[in-house]
Amino acid sequence: MNQADLIWMNGELVAWEDAKIHVLTHALHYGTGVFEGIRAYETPRGTAIFRHHDHIDRLFNSASMYYMDVPYTKAQVREATHDLIARNGLRSCYIRPVVYRGAGPMGLYPLDCPVEMFIAVWEWGAYLGEEGKQRGVRAKVSSWRRIGPDALIPAAKANGQYLNSVLAKIEASKGGYEEAILLDQRGTVCEGTGENLFVVKNGVITTPGFTSSILGGINRLSAIQIARDLGYEVVEREISRGELYMADEIFMTGTAAELTPLREVDDHAVGTGEPGPVTRAVQTAFEDALHGRSDRYADWLDVVPLPAPAP
Ligand SMILES: Cc1ncc(COP(=O)(O)O)c(C=O)c1O
């Protein structure tokens, strides 16, 4: 992770080291914030944000589910992000907008605390490693279950909810694995700590749906569309743990991890132990879409306007 020069905070650009919040920020105490993880890539058309509108929509939906009115319009958020990337001089980056309850009356009732927002950007390589994207990573089914819909809102990308992913990630990492797979409350497969999951068996791709408590990943949607466009059958349904061990191929998608194959689950090799042909085909088309090499998915890219030349 490389530090950038500027962070956008409540409508203003401030130096990275000056982007500070008060210790009584409500979100710091109770997790009352929502966020996004977005990436911008260097493409032949310039720096472009992948599915920016979809990420902004999900940010606003997450905020609304926690009774927060984002104090900016979607157009303002988009423009602020463009400006921030341009002013930091970044050609590619990770983008992290956070909308949160700021300092106000303490206690669990949050609605009298102000809603604030910042956007940070930084250069960030492949989250599960470039080698992981090529060779696949090792995953372990977590002893921690994914948060259930009767306690929280799995479809919302809310800060406090991520304590669940944090516990699973620590457990997997301490056990020597790169990623955890969380089961849902019923014991069926849900997703990774920050990725959705796909299983390939006999050429058919399956992935859990919202009733399995997933976060509706934007890259999940992209992978589904790309796979269908390539002619594969994609089925959304519940997946049992045993199906992970019998899979020909498994891969995960997420903004940070992009499309990363799994080569082992619970110390069982997935298929041959190397990323298979279906994973490779979807991954190649997906990478082409991310990097603007595909006309078919050109609409998914929000090109960052170049800053006006100095007078
Ligand atoms: C819990 C969880 N599931 C899935 C995903 C994948 O979502 P996306 O593809 O929109 O990045 C993420 C990442 O945002 C996540 O945090």
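Because the model is predicted, local features are reported only at pLDDT of at least 70 and side-chain atom pairs only at pLDDT 80 or more, while totals for chains, interfaces and linings use all residues. Residues are numbered from 1 along each chain as its sequence is written, and side-chain values use heavy atoms, with hydrogens and water left out.

**Stop 1: the ligand**

Now colour by secondary structure, using DSSP runs numbered from the N terminus (helices are H or I with at least four residues, strands are E with at least two).

Next, show the polar contacts, which are pairs of N or O atoms within 3.5 Å. Thr255 has a side-chain N or O atom 2.7 Å from a ligand oxygen. Arg58 places a polar side-chain atom 2.8 Å from an oxygen of the ligand. On Glu191, a side-chain N or O atom is 3.2 Å from a ligand nitrogen. The protein covers 96% of the 380 Å² of accessible area that the ligand has on its own, by the Shrake-Rupley method with a 1.4 Å probe.

**Stop 2: two positive phi angles**

Most residues other than glycine have a negative phi. Go to Ser213, in the loop between strand E12 (204-207) and H6; its phi is near 70°, a positive value in a residue other than glycine. Is Ser213 buried or exposed? It counts as buried because its relative accessibility is 4%, the cut-offs being under 20% for buried, over 50% for exposed and partly exposed in between (1.4 Å probe, protein chains only).

Then pick Glu258, in strand E15 (residues 258-265). Its phi is positive too, near 55°, and Glu258 counts as buried at 5% relative accessibility.

**Stop 3: Asp266**

Follow the chain to Asp266, in the loop between E15 and strand E16 (268-269). What does the side chain of Asp266 reach? The backbone nitrogen of Val141, at 2.8 Å. Asp266 counts as buried at 11% relative accessibility. For a sense of scale, draw a C-alpha to C-alpha line from Asp266 to Glu17: they are 42 Å apart in space and 249 residues apart in sequence.

**Stop 4**

Select Ile153, in the loop between strand E8 (137-141) and helix H5 (163-174). With 28% relative accessibility, Ile153 counts as partly exposed. From Ile153 to Gly254 the C-alpha distance is 19 Å, with the two 101 residues apart in sequence.

End at Tyr100, in strand E6 (residues 93-101). Tyr100 is buried, with a relative accessible area of 3%. How many residues apart in sequence are Tyr100 and Ala27? They are 73 residues apart, yet their C-alpha atoms are 5.9 Å apart in space.

Notes: Polar contact = N/O pair within 3.5 Å; in protein donor to acceptor, adjacent residues only side chain to side chain.
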